[in-house]
Amino acid sequence: MVALNSYITLSWLVPAFPLLGFLITGMAKNRLKNNQAGIIASILVSLSFLMSAFLFFALRSSGQESATVTLFNWIAAGDLKIPFAFLIDNLSVTMMLIVTGVGALIHIYSIGYMHGDDRVNSFFAQMNLFTFSMLLLVMGANYLILFIGWEGVGFCSYLLIGFWFKNPAFNYAARKAFVMNRIGDLGFILGIILLFFTFKSVGFTEVFSQATSMHSGTPLVTLITILLLVGAVGKSAQIPLYTWLPDAMAGPTPVSALIHAATMVTAGIYMIARSSILYNLAPLTMNIMIILGLATAIFAAVIGLRQNDIKKVLAYSTVSQLGYMFLALGLGAYSSAVFHLTTHAFFKALLFLGAGSIIHAMGGEQDIRKMGGLRKKMPVTYFTFLAATLAISGIPPFSGFFSKDLILSKAFENNPLLYILALGGALITCFYMFRLLYLVFFGSQRLSTVHPHESPRVMTFPLIILSILSVFGGFLNIPSLFGGDSRFGEFLNKSIISGITEELGSATEIGLIVSSLILLGLVILYAYRIYVKKADIPVADGVSTNIFSKAIENKFYVDEIYSAVIEKPFGSLSDFFFNKVENKVLDPAVDEVGILTSKLGNLVRKLQQGNMSFYLFAMVAGILLFIIFILIV
Amino acid sequence: MKEISSAIQLIPLENYIVLSIALFSIGMMGVLFRRNTIAILMCLELMFNSVNLLLTAFSAYHSDPSGQVFVFFIMIVAAAEIAVGLSIVVMMKRNVDSVDINLLNRLKW
């Protein structure tokens, strides 16, 4: 016990390393040369990872479930007492390992990827600031520190999406991400305020210990959970706020891997898993989450079918996988959601880094129709990408199989219809991922102007590590069906109160797995026939005549609808207020006040003649008048 | 304190008040009607000291020493103030070669 506490007080080092990295690379950005910034940043994030691993083992060997580390008292005003504290428990340690582990690999990769960019030092400063914020988010012991991290990652995401700010389209994407997140954040902060209003505290332990005595379906708790959900929907890119994530691909590819696939977008999942006790009290919110998650999973997967930009495909796939996590959360299977979050962090980071390697080799080309035949030229990228594709498609024994199957079986327990829809989404996922794989790596090269070559070792090394994790990550949590003990789930369930308990019969489960595997195999074969045998290259934009495929190509016109329904009316309203109210009413009113004052001043200034005797006389006369007034009245 | 008070109290309070009023009025008239800046400053001092005199008198009659302490403060502040005033007069003499207050009429807007 004593030993644990003395180790755990060192937990502030975990976020301190990236912060130090941010300060060094940020302040010395005009002095650091070549790869220095990247090396410093990578080393510090790696140290942070080692520290997290150390905490993980300290926590596990101590047998303690959680520990709170209070650094200092942050806010103390009346009832409001908020310490700056970290909560170290199984959930937060898991998240810390993901953030720092995947983060360190992506930092190392970025040394190669960003080599030669003239703002590379700023890039690493911002990446380190992001890591710091993300660690605050997952380590904070109350909702307010979580919120600091929440806003911090949103801000860093804005900076990094618009990293190449000379391109106006990228700037627009950055602004869009920021505004979309802001809508969610508004709900989130309202939720925190309502939490404080209800529980008189925002600390996790205080709130949850009070919540355990509440009844299920309390309206106030339902409202709180819905408001928090709005925040999560914004951050984790669910319907209706998902449109920022595909556009966020404007940022450099390592950013997409770290922020928009592995870590930041999972903040919403983490927050809901952390608040599991509150969500268990709100069945209504759980149902909303099931619907949103499932709708997002399928909708985004369908859009992903006809995207031709390699990063856009992966972006829609991320949205879709986040939908699965929301589905799991809605079903009360919080630990399954976090498990899928973990495996998704591995294979999606790998996919993005692989995509970055491909883009790097293709000289900046992102259109998969122009690639092809890269299998021979880039063997490391090919094999790692293949591993990630198999993992995301849910082929055993790759990690995605275990995590996705867990969610699917939970869905089946709840309602077979949910299972069928979720499986449909998984099949679509499988199809577009193999379409991507075949188009990029098989066939013959379609763009003759570039000469693809394997990426440098600093880039392939993270790919290899991540592919090992993608392949074997699932073994963390082997279900009892395969003779495992669901160790990861049990580990997490110490910090999360699961909403469901029952297990499926093993016969049903084997049936489900076998049928889904057969379907997946058929889908892969179908994709192989279309894209390898027939070498069917997708047609150019705007050529397809089928209404439905046209709608998919245009992402179901969601951006256009948002633009017409919200952006345009809001713009014209702003114009109206500017032209009519601001220019015709407010500005003249302010001007008139100024003019009136100076006119009055002109009247009175005649009194100031500069004659000293007169001043003295006026003063004495005034005093006399005053005395007379007092004597009379 | 007691002995001093009794010595002062030999003279009736009215006399002090009348003297103070007389000094104050003289000072005020001087301020209003003199044109020499130095004389005006001297008249200001006269007004000051009439008030001081009244304060000490009341203080003695009430057997309360705090009034007398105040007078010391007022005298110190007055000394500081007159230092500023006289330096203005010196500057005035240097600039316009006169100490007539009516020449100093450019202090306006």
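I listed the buried residues of α18(A): Thr381(A), Tyr382(A), Thr384(A), Phe385(A), Ala387(A), Ala388(A), Thr389(A), Leu390(A), Ala391(A), Ile392(A) and Ser393(A). Buried here is 20 or more other C-beta atoms within 10 Å of the residue's own, exposed is 12 or fewer, and partly exposed lies in between, with C-beta atoms placed from the backbone. That makes α18(A) mostly covered, at 11 of its 15 residues.

This is a predicted model, where local features need pLDDT of at least 70 and side-chain atom pairs count only at pLDDT 80 or more, while totals for chains, interfaces and linings use all residues. Residues are numbered from 1 along each chain as its sequence is written, and chains are lettered from A and ligands numbered from 1 in the order in which they are written.

I checked the span of α18(A), residues 379-393: 21 Å from first C-alpha to last, close to the 21 Å expected (1.5 Å times one less than the number of residues). Helices are DSSP runs of H or I, at least four residues, numbered from the N terminus.

Last, I looked at the contact between chains, which takes 10 residues from chain A and 11 residues from chain B (contact: C-beta atoms, placed from the backbone, within 7 Å). The chain B side divides into 7 nonpolar, 2 polar and 2 charged. Nonpolar covers Ala, Val, Leu, Ile, Met, Phe, Trp, Tyr, Cys and Pro, charged covers Asp, Glu, Lys and Arg, and polar the others, Gly among them.

Technical notes. Two residues are in contact if their C-beta atoms, placed from the backbone, lie within 7 Å. Helices (H or I, at least four residues) and strands (E, at least two) are DSSP runs, numbered from the N terminus.
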